[in-house]
Amino acid sequence: MSLDVETPPGLSKHLLGIEGTTREQLELILELTDRFAEIGKRPIPKVPALRGRTVASVFFEDSTRTRLSFESAARRLSADTLTFSAGSSSLSKGESLRDTVEVISSYGADVLIVRHSMAGTPQRVSEWTNASVINAGDGCHEHPTQALLDCYTLKQQRGSLDGMSIGIVGDIRHSRVARSNVLAFSSLGAKVTLIAPQTLMPPSMGNWPVEVSNVLDDVISDLDACYLLRMQSERHSKGLIPSLREYAKDFGLNGRRCEMLSKDALILHPGPTNQGVEITAEVSTDPRSIILDQVTNGVSLRMAVLFMLLGQHETSKQDEVQE
Ligand code: NCD
């Protein structure tokens with residue numbers, strides 16, 4: 001298998017957000033993901049594409065899926081990995097973010113995968129290092145690889161997002177996943193409806209290409225896909241919703257609402273789920289749920305992104321992805 005792909009313009013070094021990407025670039029990443037998904041099915045799911053390259057995960061916020069899937073992606077591509085955890089680092093001794101980035105870069109990292117509670121941090125980091133930078137979630141701003149793996153998962157199920165009606169339900173105001181997904185889904189031709197109480201809508205949606213509803217029951221039967229979000233309690237002060245119980249009653253996907261969803265609709269969630277709030281346990285295992293496919297596809301998608309940013313040059317170019 002050979003992956004002699006052209007790096008699309010604008011994605012030559014960093015992946016900081018979906019904003020600013022073109023439909024052509026998104027489609028190219030999804031196409032490449034298909035080829036990496038094939039590698040994942042082999043008895044030994046490993047290729048030498050990034051041999052000699054170092055991938056550093058630099059996480060200042062907790063993560064399970066994003067971090068593990070980036071690390072598995074790096075290992076499947078034969079890259080070396082470095083892991084930085086804010087909790088056990090010299091940050092607690094007063095070291096600055098910039099010093100930390102410079103130290104990690106000087107260990108030879110070729111790419112820094114950055115998650116931080118402050119919007120814009122991956123962009124700042126890219127100014128302090130020669131390595132590539134991937135945004136793995138910055139505050140309420142963007143989470144581009146989550147959006148890409150969601151697009152890939154929908155495309156895998158339906159062939160294309162063109163004309164799909166996708167509802168994003170929940171704490172849109174504080175969700176980086178919602179922001180990246182609005183941009184990615186609409187760029188690929190889907191019609192997006194944001195569904196939330198008014199207090200959980202962003203104060204300004206600028207020229208987002210979306211429709212808006214404050215009543216899930218009014219729109220649920222028209223959806224081809226229902227994308228649920230976790231309440232981002234760590235990012236807001238109290239008072240935005242009367243209580244989680246009230247929220248679950250009006251916006252949670254439960255057995256009754258699931259019956260209102262079309263029989264062909266798809267149910268997605270980026271995880272971690274808060275069962276009993278935005279989703280009930282019975283819905284997580286509904287045959288229309290593709291939540292586990294999202295997790296599985298996260299690895300192939302992140303292999304594609306790492307390869308696209310790092311695999312086009314020098315040493316790894318000769319190796320390509322062949323066996
Ligand atoms: C999301 C995140 O961290 O933004 N999780 C993830 O990356 N899978 C969503 C969330 O935390 O709710």
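Helices and strands are taken here as DSSP runs numbered from the N terminus, with at least four residues (H or I) for a helix and at least two (E) for a strand. In these terms, the chain, which is a predicted model, holds 12 helices and 9 strands, and proline 272 is placed in the loop between β9 (266–268) and α10 (281–284). The peptide bond that joins glycine 271 to this proline 272 is cis, with omega at about -5 degrees. A further backbone feature is found at serine 78, a residue other than glycine whose phi is positive, near 70 degrees; serine 78 belongs to the loop that runs between α2 and β2 (80–85).

As regards overall dimensions, the C-alpha trace of the chain spans about 55 × 50 × 35 Å along its principal axes. The radius of gyration of the chain is 20 Å, and because a compact globule of 323 residues would have a value near 20 Å, the two agree.

The domain assignment divides the chain into domain 1, made up of residues 23–142 + 296–313, and domain 2, which covers residues 144–294. The C-alpha centres of domain 1 and domain 2 are separated by 26 Å. At their interface, 28 residues of domain 1 are in contact with 29 residues of domain 2, and the area buried between domain 1 and domain 2 comes to about 2,300 Å², with carbon and sulfur atoms accounting for 55% of it. On the side of domain 1, the residues that lose the most area to domain 2 are Leu30, Glu142 and Asn297, which together supply 28% of what that side buries.

Polar interactions across the interface of domain 1 and domain 2 comprise 16 residue pairs in polar contact, with both residues of each pair at pLDDT 80 or more, and the count of salt bridges between domain 1 and domain 2 is 3. Arginine 23 and aspartate 162 form a salt bridge in which the closest N and O atoms are 2.9 Å apart. The elements that contribute two or more residues to the side of domain 1 touching domain 2 are α1 (23–40), α2 (65–76), β3 (111–116), β4 (132–138) and α11 (291–310). Of these, α1 gives the most, with 8 residues. By residue class, the side of domain 1 that touches domain 2 divides into 9 nonpolar, 10 polar and 9 charged residues.

Arginine 23 also takes part in a salt bridge with glutamate 27, in which the side chains meet at 2.9 Å, N to O. Because arginine 23 and glutamate 27 are 4 residues apart in helix α1, about one helical turn separates them. For the structure as a whole, the count comes to 16 salt bridges.

Conventions. Residues numbered from 1 in each chain as written. Heavy atoms only, no water. Domains from an automatic or database assignment. Contact = heavy atoms within 4.5 Å. Buried area = accessible area lost by both parts, 1.4 Å probe. Salt bridge = Lys/Arg side-chain N within 4 Å of Asp/Glu carboxyl O. Polar contact = N/O pair within 3.5 Å; in protein donor to acceptor, adjacent residues only side chain to side chain. Nonpolar A, V, L, I, M, F, W, Y, C, P; charged D, E, K, R; others polar. Rg over C-alpha atoms; globule rule 2.2 N^0.38 Å.
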